[in-house]
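Student: Could you take me through one part of this protein up close? I'd like to see how its inside is put together.

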Amino acid sequence: MAQLVMAAATPHNPLLWRAMTDPIPDDLEGVAANFALIRNTIAELAVDVIVLIGTDHIRQFFLENVPAFIVGKAERYHGTYENEVRTFGLEYGEVIGHRELADEITGREVLTEAIDFGISHEWRLDHGFMIPLQYLTPDLDIPVVPIHVNATLPPLPSPRRFAVLGEHLRETIGRWDRDVRVAILTSGHMATDIGGPKQFDGSPDPAFDAEAVGWMRDGDLEAAIEGCRYERLMGAGNVTYQYVNVIAALAAMQGRGADLAEATPSRFASSPFFLWRAR
C-alpha cells in the first residue's frame, strides 16, 4: 500500500527568488536553511509523489470560475507566468503530473463523500506552486498532484473544510494499492499584508504568528480551526487566509505536533515552515 511519509508547509513569497541568492543575506539565512531541511527530508524519505496544496493567485482561476477545491489531472504542468518572470525573475519549468493519484483523490467515476472536487486537465501553475517546488525539488523530477484551494476570493471554504481535506488525503493515500511513498506539501503565509504599509517591515501581526506556530507545534487541530476565523485572519493581513492551507497538513498528520514549527523572520513577513515525519 502507499505510504504518507511526511507533510510540510513552506512560504511561496516570489520576492525570495531575487533576494535569496549566494551569498545568502544574513536575514534570509533561516529561510534558506529551512527550505534545505525540507528538501533534504524529501530526499532522505525517498518521496515518489508530492501532493501540493496551494492557492492560484487569480491567474488560472479567475472571477468567472472560482472553485473551492480543484485537483489537477494533467500529465504535465507549465509554470510560471510571464509577469512573474519579468517582475520576480522566476524561472519557467515543466512539472510532471500523476494522474492515477489524482483520480484516487477525486474519485474516478463518482466524487468522494468528503469533498466535491473540481478537476482540471490543463493548468498553468503560478508562484504559489512553483516557488516551493523549485526550492524543494530543483530538478522538478518528482511527479506532483496540485490542489488549488481558494484562499483569496470570498466566499472561502471554512478552516474545518481544510481539515476535512487533510483527513481525506491521508485516508486516500492509505488505501491506495501502490508501493509509493507520498508527501503532502502546502504553501502559504503567516500574517502578511501585501501592498500594506507593513509589507516590508516584518510581520504585521506577531501575536497571530506566535499563536499559529503554537497550534502546529502542539498539534492542536481544534484550536487552529477556531483561531483561523475569517475576521481574525483578515485582521492579521489581507492574504493571511493562505495560512489555513497548513491545517490540511496538520489534519493529514492526525493532529500530531510538528517536528519543525517556525515563523522564520526575514525582511519580508515571517515565513511559515512546518514539517512532520510520519511515525
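Student: How many residues does the largest nonpolar core have, and which of them have the most contacts inside it?

Tutor: Happy to, and keep in mind that we're looking at a predicted model. The largest nonpolar core has 55 residues, and the ones with the most contacts inside it are Y243, I247 and W276. Helix α10 gives this core its largest share, 7 residues. There's also a second, separate core of 40 residues, with L140, V144, F268 and L275 among its members. As a general rule, nonpolar side chains in soluble globular proteins tend to be buried together.

Now zoom in on I247. If we skip its neighbours within four places in sequence, I247 is in contact with P159, F162, A163, M216, L221, A224, I225 and C228. You'll find R256 in the loop that runs between α10 (245-252) and β10 (260-264). R256 counts as buried because its relative accessible area is 18%, and the cut-off for buried is under 20%. Again leaving out neighbours within four places in sequence, R256 is in contact with M216, G219, L250, W276, R277, A278 and R279.

Technical notes: Residues are numbered from 1 along each chain as its sequence is written. This is a predicted model: local features need pLDDT of at least 70, side-chain atom pairs count only at pLDDT 80 or more; totals for chains, interfaces and linings use all residues. Side-chain values use heavy atoms; hydrogens and water are left out. Helices (H or I, at least four residues) and strands (E, at least two) are DSSP runs, numbered from the N terminus. Buried means under 20% relative accessible area, exposed over 50%, partly exposed in between (1.4 Å probe, protein chains only). Contact means heavy atoms within 4.5 Å. A nonpolar core is a set of buried Ala, Val, Leu, Ile, Met, Phe, Trp, Tyr and Cys residues joined through side-chain atoms within 4.5 Å.
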